[in-house]
Amino acid sequence: MSERGTAKLLGMKQAPFQRMTPKWPPKVLKPFIGEVQSVKSNLVEVVANNSPYQGRNIVVYDSNFIESFIRGYALALANHKLKPNQMHIGDRCVILSISLIITALESAIKQACGLHSNIQKIAQQNYTNVIKLLKDFNFSCSIQGDIATKKDIAQFTNLPISTINYFLKTHNDT
């Protein structure tokens with residue numbers, strides 16, 4: 001996965017992600033990631049016809065780093081070890097973990113039954129079904145049609161609306 005793709009997947013801007021990866025792992029995550037070595041990135045040329053980066057060289061990270069990142073933040077969140085400015089990353093990592101688990105299980109079951117499984121389609125379906133997942137955690141939307149207000153989000157996340165406004169302003173492209 002590319003640096004930009006990894007950062008977007010985790011709900012982070014690319015610049016802070018770039019600043020963090022050379023110092024990997026942060027002290028708060030060390031107990032939760034095991035013996036993962038430093039971040040290894042590779043420069044690769046994008047050949048996919050449907051990619052906006054086709055023909056360009058991009059930085060990519062291996063799955064070991066991405067998995068350690070997701071696992072570390074999710075476990076640190078569960079153990080109440082994250083700083084307030086890291087909580088949103090931990091939340092996103094928990095959602096990603098659940099989505100990846102559901103995707104892996106659904107794909108394995110389909111393959112075991114001899115059915116064709118389109119892993120990319122399954123992953124997109126599971127990841128985009130975040131509203132159902134949030135409802136499982138007692139998130140409720142105050143407007144009919146599963147439309148959440150900032151107040152709904154503030155109550156669920158226990159964050160001030162000013163923090164949500166800042167997040168929305170800085171992530172208006174995603």
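Phe 69 and Tyr 73 both lie in helix α4, where they are 4 residues apart, about one turn of the helix; helices (H or I, at least four residues) are DSSP runs, numbered from the N terminus. The model is predicted, and local features need pLDDT of at least 70, side-chain atom pairs count only at pLDDT 80 or more, and totals for chains, interfaces and linings use all residues. Residues are numbered from 1 along each chain as its sequence is written, and side-chain values use heavy atoms, with hydrogens and water left out.

The structure holds 1 aromatic pair (ring centres of Phe, Tyr or Trp, the last by its six-membered ring, within 6.5 Å; planes under 30 degrees apart are stacked, over 60 edge-to-face, and the rest tilted). Phe 69 and Tyr 73 form this tilted pair, with 4.9 Å from centre to centre and 40 degrees between the planes. Phe 69 is buried, at a relative accessible area of 0%, and Tyr 73 also counts as buried, at 2%, where buried means under 20% relative accessible area, exposed over 50% and partly exposed in between (1.4 Å probe, protein chains only).

The largest nonpolar core has 19 residues, and those that touch the most other members are Trp 24, Leu 29, Phe 65, Phe 69, Tyr 73, Leu 82 and Cys 93; such a core is a set of buried Ala, Val, Leu, Ile, Met, Phe, Trp, Tyr and Cys residues joined through side-chain atoms within 4.5 Å. Two or more residues of this core are given by each of α3 (30-33), α4 (63-78) and α5, and the largest share, 8 residues, comes from α4.

Leu 105 has its place in helix α5 (residues 87-112).
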